[in-house]
Amino acid sequence: MIWNEDAILEIIANAVEYRSLEYDAEQAVRGIDLATESEFREPIRQALLANQVVAIQEERYPDAQCIERLNHGVRCDLLLLPSGTPSDMNNDLDLWRTGYWLEIKRVAQFLESGPNWWYESTLLETIPKDIYKLASDSRIFYAGLLLVLFAATPESGYHDLKVWKQCAIEKGCPVGVPRIHDFRINNCLGNGHAFITLFPLRRL
């Protein structure tokens, strides 16, 4: 199977944007920019399922499955499979190369406490590690990093995504052309724009 990464991003981005509108309609004290990575998973899973894609949470990486104890080993945020695909990964090694392994990371320029002083280091140093983690497992063929970024303005967000990709390339990070969906959010903290970006893994 060849995954359509544009379609994956569209489904996920629409789900996140819809959740943002729900926050606004509820007049919630916290906005979408305070949601954690784990809080993004369920609306994303439900949206994918509605489009015939099953998303398994915390699936162990193929290399980690050689570890006997099931509670050990590196895990991936979501493993996407076509609806109807058996989810028992241990019985069919081909599924490792069929599925789309998706790591989710979020970062915001502003937090409840004010400017995020760790924003740059998180964006440029911590987040790329997930791409390396995906690339280091030779049994994984289709994979990507979903970066949920909240920025003050569209200009600053696009600038930071460009810088991230350039730094990643300079460090030999195997990423392809990003797919980006952006939208305005209710600015409560200083973040006025959301970027849902899929950086696909591209093996050299």
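These are my notebook entries on a predicted protein model.

**Ground rules**

I kept in mind that the model is predicted, with local features needing pLDDT of at least 70, side-chain atom pairs counting only at pLDDT 80 or more, and totals for chains, interfaces and linings using all residues. Residues are numbered from 1 along each chain as its sequence is written, and side-chain values use heavy atoms, leaving out hydrogens and water.

**Entry 1: the overall picture**

I began with the secondary structure and found six helices and eight strands. Here helices (H or I, at least four residues) and strands (E, at least two) are DSSP runs, numbered from the N terminus. Reading along the sequence, I wrote down the pattern α-α-β-β-α-β-β-β-α-α-β-α-β-β.

Next I looked up burial: of the 204 residues in the protein, 48% are buried. Buried means under 20% relative accessible area, exposed means over 50%, and partly exposed lies in between (1.4 Å probe, protein chains only). The protein exposes about 10400 Å², and carbon and sulfur atoms supply 53% of that. These accessible areas come from the Shrake-Rupley method with a 1.4 Å probe, and for residues only the protein chains shown count as cover.

I also checked contacts (heavy atoms within 4.5 Å). Among those between residues at least 6 apart in sequence, 69% join residues at least 24 apart.

**Entry 2: the sheet**

In what order do the strands of the open sheet lie? I traced six strands as S1-S2-S3-S6-S8-S7, with mixed pairing. Two strands pair if DSSP finds at least two bridges between them. Strand S1 (53-60) and strand S7 (179-184) stand at the edges with a single partner strand each, so one side of each has no neighbour in the sheet. From one strand to the next, the twist averages 25°. For such angles, axes are lines fitted to C-alpha atoms, for helices over the stretch in contact, and the angles run from 0 to 180 degrees between N-to-C directions.

I then zoomed in on S7 and strand S8 (residues 193-200), which run antiparallel and are joined by six bridges. Histidine 181 has isoleucine 196 in S8 as its bridge partner.

**Entry 3: helices on the sheet**

Helix H1 (residues 5-25) packs on the sheet, where it touches strand S2 (75-82), S3, S6, S7 and S8. The direction of H1 makes about 15° with that of S7. I found H6 lying across S6, S7 and S8, and running at about 20° to S8.

Which residues of helix H4 (residues 119-126) are buried? I noted Tyr119, Leu123 and Leu124. They cover an arc of only 95° around the axis, so they sit on the same side of H4. That arc is taken from the directions from the helix axis to the C-beta atoms. The buried residues of H4 pack against strand S3 (100-108), H5, strand S6 (142-151) and helix H6 (154-170).

In helix H5 (residues 128-136) I picked out leucine 134. Leucine 134 is buried, at a relative accessible area of 0%. Its C-alpha atom is separated by 8.4 Å from that of glutamate 103, 31 residues apart along the chain.

**Entry 4: two positive phi values**

Most residues other than glycine have a negative phi. I looked up glutamine 52, whose phi is near 65°. Glutamine 52 lies in the loop between helix H2 (37-50) and S1, and is exposed with a relative accessible area of 53%.

Glutamate 58 has a positive phi of about 55°. Glutamate 58 has its place in strand S1 and counts as partly exposed, at 30% relative accessibility.
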